[in-house]
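User: Please go through the labels used for this model one at a time, and set each value against the definition behind the label.

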Amino acid sequence: MFIIFVGAVLGVMQTLLNFIIVDKEESKFKKMYDTAGASYYFRGSMIFFIVIIGIAIISFLDIITAAAIQRMFLVSLIIALALRAYMEWKYLRNTNQHKATLILLGTLLLFSVFFFLLK
């Protein structure tokens, strides 16, 4: 339930930040898969997907506690957003998409610090 809540909040924030920050004219024609970093971005996305599937399998096997699994999800989301922000900064700098991702990353970092301190 916790992961669904975090995903929903991040999704809504991403939509709002893209509407407010991202330059509509530049981002309409340029996406990450249209740049020279497309292969790196694809590989990073596949690694993230494999990690999430691995964490889901571990959660079904009841090897680790639920709090540890939630921490693993948070850490993997932080790493994925950091990679995404770096790739957007490097290859899509003029669209300001990296600023929206960095704001999301900061929000997730604050949320995870509070989560780690409360558990």
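Predicted model: local features only at pLDDT ≥ 70, side-chain atom pairs only at ≥ 80, totals over all residues.

User: What makes Arg84 and Glu88 a salt bridge?

Analyst: The term requires a side-chain nitrogen of Lys or Arg within 4 Å of a carboxyl oxygen of Asp or Glu. The closest N and O atoms of Arg84 and Glu88 are 3.3 Å apart, so the pair meets that definition. The structure holds one salt bridge. Both residues lie in helix 4 (residues 66-91), four residues apart and thus separated by about one helical turn; helices here are DSSP runs (H or I, at least four residues), numbered from the N terminus.

User: Why is Glu88 called buried, and why is Arg84 called partly exposed?

Analyst: Buried means under 20% relative accessible area, exposed over 50%, and partly exposed in between (1.4 Å probe, protein chains only). Glu88 has 6%, so Glu88 is buried, while Arg84 has 23% and is therefore partly exposed.

User: How do you know that helix 1 and helix 5 are roughly antiparallel?

Analyst: Angles run from 0 to 180 degrees between N-to-C directions, with axes fitted as lines to C-alpha atoms over the stretch in contact. Under 35 degrees counts as roughly parallel, over 145 as roughly antiparallel, 65 to 115 as roughly perpendicular, and the rest as oblique. Helix 1 (residues 2-20) and helix 5 (residues 97-118) pack at about 150°, with axes 10 Å apart, and are therefore roughly antiparallel.

User: Why does the label roughly antiparallel also apply to helix 4 and helix 5?

Analyst: Their axes cross at roughly 160° and come within 9 Å, so helix 4 and helix 5 are roughly antiparallel.

User: What makes up the nonpolar surface patch?

Analyst: Patch residues have over 30% relative accessible area and no salt bridge, with nonpolar side chains (Val, Leu, Ile, Met, Phe, Trp, Tyr) joined within 5 Å and like charges within 9 Å. The patch of about 1000 Å² includes Tyr33, Phe42, Met46 and Phe49. Phe42, in helix 3 (residues 38-61), has 42% relative accessibility and counts as partly exposed.

User: Why is Ile47 called exposed?

Analyst: Ile47 has a relative accessible area of 55%, which is over 50%, so Ile47 is exposed.

Terms used. Residues numbered from 1 in each chain as written. Heavy atoms only, no water. Helix = DSSP H or I, 4+ residues; strand = E, 2+ residues; numbered from the N terminus. Areas by Shrake-Rupley, 256 points an atom, 1.4 Å probe, with all protein chains shown as cover.
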